[in-house]
There are 2 protein chains.
Amino acid sequence: MTVTKGVFNSDHQRDYLKHILHLQQVSSPVATTALAEAMGVAPSSVTDMLKKLSRKGYINYRPYHGITLTGEGEKEAIKAVRRHRIVERFLTDMLGFEWHEAHEEALAFEHNISDEVERRMYVACNKPTVCPHGYPIPSSVEDTIVSGVPLYSLEPGQIARVVSVEDDEPDLLRFMDSLGIKPGVRIKVDGKDPFKGPMQAEIDSKKRTIGWHLANQVYVDKVS
Amino acid sequence: MTVTKGVFNSDHQRDYLKHILHLQQVSSPVATTALAEAMGVAPSSVTDMLKKLSRKGYINYRPYHGITLTGEGEKEAIKAVRRHRIVERFLTDMLGFEWHEAHEEALAFEHNISDEVERRMYVACNKPTVCPHGYPIPSSVEDTIVSGVPLYSLEPGQIARVVSVEDDEPDLLRFMDSLGIKPGVRIKVDGKDPFKGPMQAEIDSKKRTIGWHLANQVYVDKVS
DNA sequence: TACTGTATTTAGAAACATCTAAATATAATT
DNA sequence: AATTATATTTAGATGTTTCTAAATACAGTA
Ligand SMILES: [Mn+2]
Ligand SMILES: [Mn+2]
Ligand SMILES: [Mn+2]
Ligand SMILES: [Mn+2]
């Protein structure tokens with residue numbers, strides 16, 4: 001470990017901030033291991049990075065007790081999320097990518113684009129409010145609040161509308177596609193097996209079986 | 001200096017290859033200083049990189065005597081140039097950037113985009129054959145040959161058509177724009193002052209004065 | 001309160017890209 | 001052929017991100 005100093009914000013550091021924002025919405029403060037898992041690096045690598053981010057004022061870091069974003073860190077994180085979702089949108093709307101490709105392509109893509117390119121992509125896509133997976137394109141913290149409940153929390157007889165789906169598993173997204181699940185679609189729950197068993201549901205007037213795992217990655221608004 | 005080994009081709013290495021290709025079209029083998037100048041880094045940094053590129057088989061490196069691209073290196077360099085020009089095209093055609101912005105934005109942008117994104121940009125721009133500055137979008141070495149002669153080499157009375165302009169000085173590009181100079185435009189040379197003095201020319205039936213420096217950054221095909 | 005397992009941090013290293021200052025090789029000039 | 005100027009490489013360093021293995025802190029159980 002080498003102690004360093006610096007003021008600039010690299011690509012990787014933005015990625016860390018983005019993941020911290022995501023994780024702290026589930027539980028705060030965020031643990032080193034959770035972040036390491038999310039970033040796909042070793043916990044010791046995270047520790048090193050936390051020192052840098054802390055020194056730069058992006059996070060509040062209490063060794064052994066996890067981290068939270070500072071106001072500045074939150075601002076940067078939201079900018080990163082906004083950019084990611086605009087790029088996803090650009091990839092689907094302007095280049096014709098499928099939504100299951102958009103997320104991963106965007107991850108490779110989103111670094112090193114200027115604010116101006118981002119702005120123009122946003123305008124060229126008609127200032128969209130959500131990404132292809134239904135998540136808001138944020139300007140501030142409030143915009144990052146995700147509405148909706150997991151599909152699996154619904155009971156038989158209830159009707160709901162899909163608002164968003166987890167976008168980080170391409171294969172799962174492709175499978176959702178084959179079931180007709182995407183933001184805006186109406187789902188009627190017919191039944192739900194016990195012990196985390198599959199749901200039976202109607203999507204676009206077709207009867208479908210939806211496993212526990214998948215049904216927890218689809219977020220819906222109850223209609224009735 | 002640390003001796004290292006590795007097989008992957010980073011962004012920076014691609015940039016080096018791109019600049020080597022460009023420089024060796026003017027004079028070969030390429031000198032360390034020339035490359036350092038082009039890359040905007042110190043000569044010693046270039047030496048380090050040359051060792052890496054040589055070890056990876058992209059260049060033929062004779063210490064103290066300059067370098068040339070290998071077949072493999074040329075292939076990579078051409079891919080980089082192709083990508084750069086497609087991205088420039090995308091920026092002007094799809095995002096509405098001016099040509100003087102396109103080059104610099106593309107430099108920041110072109111890394112980390114997948115082959116598939118590049119392909120789709122290419123298709124979305126209707127498979128263009130040249131970049132916004134008139135340079136070919138290459139598939140092979142032959143495609144990189146630049147036709148045309150410097151405007152300044154013309155004599156009074158001659159008429160020419162602009163094929164390409166140097167794209168690395170934004171301010172100069174903006175000034176060219178204000179004179180109506182761009183690929184495809186017809187220029188009639190009226191006069192040329194001695195001792196590297198300015199030219200007098202007609203562009204779009206307007207009389208213009210064009211300095212030596214500028215006239216050497218505009219490449220034209222003689223029409224008569 | 002002491003023990004113990006897991007989470008977290010430190011130690012030491014590699015790989016990358018860059019720098020300045022110093023040493024050396026090559027080329028040009030006397 | 002000897003000298004000198006310039007180009008180029010080496011030496012030693014910083015800064016970035018990451019790793020494995022070892023040490024330590026914390027929290028939950030005995
Ligand atoms: Mn995404
Ligand atoms: Mn998304
Ligand atoms: Mn260019
Ligand atoms: Mn160009």
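In chain A of this predicted model, helix α4 (residues 71-93) and helix α6 (residues 115-124) have axes that come within 9 Å and cross at roughly 50°. The α4(A) helix is therefore oblique to α6(A), since angles under 35 degrees count as roughly parallel, over 145 as roughly antiparallel, 65 to 115 as roughly perpendicular and the rest as oblique. Helices here are DSSP runs (H or I, at least four residues) numbered from the N terminus; their axes are lines fitted to C-alpha atoms over the stretch in contact, with angles running from 0 to 180 degrees between N-to-C directions. The crossing of α4(A) and α6(A) is left-handed, that is, the near helix is turned anticlockwise from the far one by less than a right angle. On the α4(A) side, the contact (heavy atoms within 4.5 Å) is made by A:R82, A:R83, A:I86, A:V87 and A:F90, and on the α6(A) side by A:D115, A:E118, A:M121 and A:Y122. By class, these residues comprise five nonpolar, no polar and four charged, where Ala, Val, Leu, Ile, Met, Phe, Trp, Tyr, Cys and Pro count as nonpolar, Asp, Glu, Lys and Arg as charged, and the others, Gly among them, as polar.

Helix α6(A) also meets chain B. Its axis and that of helix α5 (residues 99-109) of chain B come within 10 Å and cross at roughly 100°, which means that α6(A) is roughly perpendicular to α5(B). Here A:E116, A:V117, A:R120 and A:M121 face B:E101, B:E105 and B:F109 in contact, a set with three nonpolar, no polar and four charged residues.

Turning to the metals, the manganese ion (ligand 2) is coordinated by A:E88 (OE), A:C131 (SG), A:H133 (ND1) and A:D167 (OD), at 2.1 to 2.7 Å. Donors are N, O and S atoms within 2.8 Å of the metal (3.2 Å for Na, K and Ca), and water is not among the atoms, so sites may look incomplete. The donor residues of ligand 2 are spaced E-x42-C-x1-H-x33-D in sequence. A:E88 coordinates both this manganese ion and the manganese ion (ligand 1), 3.3 Å apart. In chain B, B:E88 (OE), B:C131 (SG), B:H133 (ND1) and B:D167 (OD) coordinate the manganese ion (ligand 4) at 2.1 to 2.7 Å. B:E88 coordinates both ligand 4 and the manganese ion (ligand 3), which are 3.3 Å apart.

Residues are numbered from 1 along each chain as its sequence is written, with chains lettered from A and ligands numbered from 1 in the order in which they are written. Local features need pLDDT of at least 70 and side-chain atom pairs count only at pLDDT 80 or more, while totals for chains, interfaces and linings use all residues; side-chain values use heavy atoms, with hydrogens and water left out.

Notes:
Helices (H or I, at least four residues) and strands (E, at least two) are DSSP runs, numbered from the N terminus.
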